[in-house]
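Biologist: Take me through the labels used for this structure. I want the value and the cut-off behind each one.

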Amino acid sequence: MLGKIWNWIDDRSGFSDVVMPMLEHIVPRDARWWYVFGSATLCAFIVQVLTGVALAMVYVPGGDAAYESLVYITNDATLGYLVRGMHYYGATAMVMLAVIHMTQVYLHASYKYPREMNWMSGVVLLFVVLGMAFTGQLLRWDANGVWSVMVAAEMAARVPFVGGYISQFLMGGETVGGSTLSRFFAIHVFILPGLIFAGVGLHLWLILRHGISEMPKADQPVVPETYKQEYEGRLEKTGVPFWPIAAWRDVVFSAIMVAVIVGCAIFVGPPALGPAPNPANIHANPMPDWYFWWYFAVLSMLPPELETYVILGMPVLGAIGLFVVPMLSNRGHRAPSKRPWAVAVVIFGATAFVVLTIYGYQKPWSPDFDVKPLPPEVVRSDDPNIQHGAVLLRDKGCLYCHNVDGFGGYRGPELSVIGNRLDRGELVIRINNGGYNMPSFASSLTAEELRQMVDFLLTRTDHPKQTPGEDPSN
Amino acid sequence: MSDCPEVNSPTSDEDRRGFLTKLCLGLSALIGAMITLPGVGFVLAPVFARPKQTWRKLGKLDEYEVGKTVSVEFKDTIDQPWAGVTAMSGAWLRRVSDEEFIAFSINCRHLGCPVNWVEDASLFMCPCHGGVYYEDGEVAAGPPPEPLARYTVRVKDGFVEIETSAVPLTTNDQV
Ligand code: FES
């Protein structure tokens, strides 16, 4: 009976006639573990679609209710915690795997003839995936999410001539409000996923059309004139059917990946929701998801004159640069040993990413609003004048940016031994006039306060015993 | 060609094909336009709409102390009924003298993060990339290219009122 049903389905749908041959297409025998990242990216996308559809059945994409619905999903809904967690870690997995897959393809130069379009469609997919990650973060619609829209709108506003229109399009009006969330929701669940489906379809079709590339060999440069013939010749001799000889590795790897996603969702859980999204609440510190930290770091370190160019130029140049890779060279060597520059690019990119990510996380450029007053063991003085100076150092905001013996922010220079470097007069000038990246405090300090602060700062030397009275400039 | 009438038929066949191709393409374009244009207009409308700025009451005049800078909340220009709390905007309001108020936008002019007023230091500080402003909104330090934007404030019938306005976009205010 079941057999009969299957036969009917098979006959009418053409599974054995059309789909099986596709699945069993011959692939190079050496397509081993190197090749599992693409299929794992696809698998992560499937995780995203399924968990996303599930979430959308409860999530309310409206400015008034989105946050509450997320709180409900996370705390009350059956398995809501798990599904939200899977969607979050699935997104992380998808971004990571897409980048790893791309790095591998680049290192092996699989983008060369005749697979240029495979690469180009992949680059477009990468940017759509990043767009998904970004819009998804905003759908969390907590204070952080709302402020991130603001930052995105401000960045978009820097586009020459049409910037203002773009950011108003993103915000759905002149401010971030009810219509903004609906827009991001539509982009996140309809437009970008549609693009991904179409892009993945094209990407897979191109794989079938041109075949999976072989492992690069130093003695086998790509010569477009003869490549196809040679490739097919080699496949005929040594190829194996994709299903199941090569496919099992993809399946095993994807299974591990999904297990990791589920594991993270269970044991670590979805990211905590921030405070409710009241744009009038100013106590927010917008921070993107971790794979964007590097960009955050770049933005923070740039001199202001360059900033607009980088904000706009980096994504555009990055996209164009990646897109044209196969046009720059689609023939010649594929082996990494023959392409030292490609290897260097990958090493440089990976290092920069790691360094900037760490830097982005530590965010030393940001004033630290939560600094505590300096404890007595740091103040080290019984003189009430000096003690008050230390209190003022925090109250007047100096400690937000400057660090004294491990207390305070890191945006400005450390003050732990400032007494060695500057004398009274110099300190007074600095504080009164400000300087590069430091506000002037002349109008907000009384003479008395200024003296106390300077007294305290002068005790910051290598010799804790020294008192301001001994300062020669006094 | 004219003396050879029978070859006319393939030519007219080709003409017919050419015409039908054009017809199909043209009509498809028309269908496409009819389907997409209303939607595109619908989606883009808010980009070009100029919502009327309105005055919002903040509170009684005597709730504000002269010389103090406080944060205030009010409904923004485009408050849809379903926006809930996200229809709220904030501002920093200072009573300068008996009748005079200044209100600053809370959006940092660098990339729009919310600036905090630090009372003792008389500075606005931004949590994102270290932007700092003096009490008059001028840039004191960090990356912001311009002073804090201001709202218009007035006192009417014993109430302080603020005029809503668009988010100040750093390089492109006047769109
Ligand atoms: S947004 Fe305020 S300093 Fe960058």
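This is a predicted model: local features need pLDDT of at least 70, side-chain atom pairs count only at pLDDT 80 or more; totals for chains, interfaces and linings use all residues.

Biologist: Why is the pair of A:Trp290 and A:Tyr291 called edge-to-face?

Modeller: The ring centres are 5.4 Å apart and the planes stand at 70°. Pairing needs centres within 6.5 Å, and edge-to-face needs planes over 60 degrees apart. Both conditions hold, so the pair of A:Trp290 and A:Tyr291 is edge-to-face.

Biologist: Are those two residues buried or exposed?

Modeller: A:Tyr291 has a relative accessible area of 7%. Buried means under 20%, so A:Tyr291 is buried. A:Trp290 has 26%. That value lies between 20% and 50%, so A:Trp290 is partly exposed.

Biologist: Which cluster do ring pairs build with A:Trp290?

Modeller: Ring pairs link A:Trp290 with A:Phe134, A:Tyr291 and A:Phe292.

Biologist: What makes B:Phe74 and B:Tyr151 an edge-to-face pair?

Modeller: Their centres lie 5.5 Å apart, with 90° between the planes.

Biologist: How do you know that the charged end of B:Arg94 sits over the ring of B:Trp117?

Modeller: The charged end is 5.2 Å from the ring centre. The rule asks for CZ of Arg within 6 Å of the centre and within 35 degrees of the ring normal. In chain A, A:Arg339 lies over the face of A:Tyr106, at 5.7 Å from the ring centre.

Biologist: Now the interface. What makes B:Arg50 and A:Glu174 a salt bridge?

Modeller: The N to O distance is 3.4 Å. The limit is within 4 Å, so the pair qualifies. The count between chain B and chain A is one salt bridge.

Biologist: How many residue pairs are in polar contact across this interface?

Modeller: The rule finds 12, with both residues at pLDDT 80 or more. H1(B) gives the largest share of the side of chain B that touches chain A: five residues. Chain B and chain A bury about 4,900 Å² between them, 61% of it on carbon and sulfur atoms. In contact are 58 residues of chain B and 62 residues of chain A.

Biologist: Why is B:Ser89 called buried?

Modeller: B:Ser89 has a relative accessible area of 12%, and the limit is under 20%, so the label holds. B:Ser89 is in strand S3 of chain B. Leaving aside neighbours within four places in sequence, its contacts include A:Ala280 and B:Phe74.

Biologist: What makes A:Glu449 buried?

Modeller: A:Glu449 is at 18%, which is under 20%, so A:Glu449 counts as buried. Its place is in helix H21 (residues 447–458) of chain A. A polar atom of the A:Glu449 side chain lies 3.0 Å from the backbone nitrogen of A:Thr446. A:Glu449 is also in contact with A:Lys396. The C-alpha atoms of A:Glu449 and A:Lys396 are 9.9 Å apart.

Methods
Residues are numbered from 1 along each chain as its sequence is written. Chains are lettered from A and ligands numbered from 1 in the order in which they are written. Side-chain values use heavy atoms; hydrogens and water are left out. Rings of Phe, Tyr and Trp (its six-membered ring) pair if their centres lie within 6.5 Å; planes under 30 degrees apart count as stacked, over 60 as edge-to-face and the rest as tilted. Buried means under 20% relative accessible area, exposed over 50%, partly exposed in between (1.4 Å probe, protein chains only). Contact means heavy atoms within 4.5 Å. Buried area is the accessible area (1.4 Å probe) that two parts lose on being put together, summed over both. A salt bridge is a side-chain nitrogen of Lys or Arg within 4 Å of a carboxyl oxygen of Asp or Glu. A polar contact is a pair of N or O atoms within 3.5 Å; within protein, one must be able to donate a hydrogen and the other to accept it, and residues adjacent in sequence count only if both atoms are side-chain atoms. Helices (H or I, at least four residues) and strands (E, at least two) are DSSP runs, numbered from the N terminus.
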